[in-house]
Amino acid sequence: MSNTGIQVSHLQKFFRKRKGFLRSRSTEVHALKDISFEVAEGETYGLLGPNGSGKSTLIRVLATLLVPDAGEVRLLGHRIPGEEQAVRRKIGRVSVDAAFYKKLSARENLLYSALLYGMDAKSAERRAMEILEELGLEQEKFTDPLEEMSRGMQQKVAITRALLINPPLLLLDEPTTGLDPKSKRDVQTFLERLRSEHGTTILLTSHDMAETERLCARIGFIAQGSLIAEGTADELKRQSNAASLDDAFIALAGVALDENGKSANGNGASEKK
Amino acid sequence: MEQVLRQTWAFLFRDLHLTRRYMSWVIVFTFYAIVNTATIALIGVALGDRRLTLMLILGALLWNFLSVLFSEIANSITYERWEGTLEYTFMAPVSRLTHLAGVSMFVVFYSVVRTAIIIAALMLFIDLDLSRANVGGILVVLAVSSVAFIGLGLMAAVLPVFSPERGAEATNIFQGILLLVSGVYYPIEVLPRWLQPLSYISPATYALSACRKLMGIGQGAAEPVQTAGAPLSEVTHELLVLALMGAVMIPLGLYVFALVEGWAKRTGKLKRTG
Ligand SMILES: Nc1ncnc2c1ncn2[C@@H]1O[C@H](COP(=O)(O)OP(=O)(O)OP(=O)(O)O)[C@@H](O)[C@H]1O
Ligand SMILES: [Mg+2]
């Protein structure tokens, strides 16, 4: 068996929300309920789940931005909680929102990020240009303020930021949301190349079935904070006698993928007093 | 080592470019600070009181310098929260010490340049004679008091992690209290008695007192308006207090910061969207 890239065991995360007069009442959201799964080194693993199912929360825990309430994670052998600093050197992350200094140019934003990781500015700039070109962003855009770019362009800069540091592990939270079909394909091709040439381990969340099927060797279904099924796309379809991943999700989770987790029938995100 | 230098440079690089992109605001704020300093100084000129004029100029300049130092450091995290980049800074393999040192270094540079511009502009309004002042000594006092103010800034910087709006509000209130109790434009004795204890815990009080002596501003009516600036040895008391405050406030600031950062990561307060 190959080495483990990501190993998640019995992960739990609660959020407390204060409500009511003087914020006296508080409700608890159980965002991750005893999640366990493994991703081999060099494998691409996809997480599918409706809004609010806990995908971003899981990615934030792996990115050392959230401390889990219980359970453990190992990323390329490094433990969370415990070895966050070592983990940070190994991960790149793309989130749904392209978080940048909007007044700064792509070049300035990317160089700032590269310097934060201790890279040399010259080689970082060269590498950034290469990646942006492969993702299909024109060179002239490099010096434009981010606020003048479309959402899709910003997303490409965000992907470049994550790849710039050559991370052996990539956490991609809906990386292609907002991209046009051509740009989506550019990103997907790039990710495939990254995996085959550099053996990058990738954890990907997406609402795009076709993308998930194309990129991910294995897929996990997540609903209301629980991992309810996992396997290759074919296994998941066979398991549920479904023709598509969409149908497989409905059959296995009891809710549609595009349905909000917090549905009125009390079926949704489990909140308790 | 090279790694740490690059990481420190990352924050200087970022803040230099942000300042460049927000240059029109920087100019507006500096313009306002010049006008503010000049109008305060002209109160003394109008009264024909040279001692008062000197007191007011010194107070305005010092307050400008220290308050910018404090507020820029205090607001640095607010900016990152607004932009949504805070998660990315916290995800990077950079120690909090390097992060905050980088931010503070830029702010010191920015405040020094800004104060120099204000002094230059002030010369157009008032003939400012610094020839008898102990300028070297004043710079030493400024350097030592900067450390204490950086520490205060660090403690305030973490407030926006709780809440961006509440954090900015608290920073302004705190800055206002410092201005009130430190005797920037008046001797602290004129404050109500119940406020005076606060004066003794504000580093600005000591910075002002030391700088007045080093400028050679006479204390009582019996003394000449301006004598030669005192030597540094006459302000050792103030320097010691300031150094002690810095030595306590910097580690305390870092500690408070780490505490709140840990809390934010447990409760999910870093999150913006997604
Ligand atoms: N920082 C936070 N504070 C409080 N509650 C949170 C926080 N982050 C997530 N939650 C809650 O945890 C649950 C899971 O949210 P999460 O963002 O992980 O979902 P998601 O699967 O990424 O959804 P989407 O597809 O919309 O991105 C939701 O009920 C959400 O409200
Ligand atoms: Mg999400």
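This is a predicted model: local features need pLDDT of at least 70, side-chain atom pairs count only at pLDDT 80 or more; totals for chains, interfaces and linings use all residues.
**View 1. The open sheet of chain A.** Six strands of chain A make up an open sheet of mixed pairing, and their order across it is E6-E7-E8-E3-E9-E10. Strand E6 (91–94) and strand E10 (226–231) of chain A each have a single partner strand and stand at the edges, so one side of each is left without a neighbour in the sheet. From one strand to the next, the twist averages 15°. Within this sheet, strand E7 (residues 169–173) of chain A and strand E8 (residues 201–205) of chain A run parallel and are joined by five bridges, and A:Leu171 stands opposite A:Leu203 in E8(A). Helix H9 (residues 245–253) of chain A packs on the sheet, where it touches strand E3 (44–48), strand E9 (218–223) and E10 of chain A, and the direction of H9 makes about 45° with that of E9(A).

**View 2. The contact between chain A and chain B.** Chain A contributes 38 residues to this contact, and chain B contributes 35 residues. The size of an interface is often given as the accessible area lost when the parts come together. Here the two chains bury about 3500 Å² between them, with 56% of that area on carbon and sulfur atoms. On the chain A side, the residues that lose the most area to chain B are A:Leu65, A:Tyr101 and A:Leu116, which together account for 19% of what that side buries.

**View 3. Helices H2 and H3 of chain B.** The axes of helix H2 (residues 23–46) of chain B and helix H3 (residues 50–83) of chain B come within 7 Å and cross at roughly 160°, which means that H2(B) is roughly antiparallel to H3(B). The crossing of H2(B) with H3(B) is right-handed. Residues of H2(B), including B:Ala33, B:Thr37, B:Ile40 and B:Ala41, meet a set in H3(B) that includes B:Leu56, B:Ile57, B:Ala60 and B:Asn64.

**View 4. Helices H5 and H11 of chain B.** Helix H5 (residues 96–122) of chain B and helix H11 (residues 236–267) of chain B have axes that come within 11 Å and cross at roughly 120°, and H5(B) is therefore oblique to H11(B). H5(B) passes H11(B) in a crossing that is right-handed. B:Arg96, B:Leu97 and B:Leu100 of H5(B) make the contact with B:Leu254, B:Phe257 and B:Glu261 of H11(B). The residues of this contact between H5(B) and H11(B) comprise four nonpolar, no polar and two charged.

Note on methods. Residues are numbered from 1 along each chain as its sequence is written. Chains are lettered from A and ligands numbered from 1 in the order in which they are written. Side-chain values use heavy atoms; hydrogens and water are left out. Axes are lines fitted to C-alpha atoms, for helices over the stretch in contact, and angles run from 0 to 180 degrees between N-to-C directions. Helices (H or I, at least four residues) and strands (E, at least two) are DSSP runs, numbered from the N terminus. Angles under 35 degrees count as roughly parallel, over 145 as roughly antiparallel, 65 to 115 as roughly perpendicular and the rest as oblique. A crossing is left-handed if the near helix is turned anticlockwise from the far one by less than a right angle, and right-handed if clockwise. Contact means heavy atoms within 4.5 Å. Ala, Val, Leu, Ile, Met, Phe, Trp, Tyr, Cys and Pro count as nonpolar, Asp, Glu, Lys and Arg as charged, and the others, Gly among them, as polar. Two strands pair if DSSP finds at least two bridges between them. Buried area is the accessible area (1.4 Å probe) that two parts lose on being put together, summed over both.
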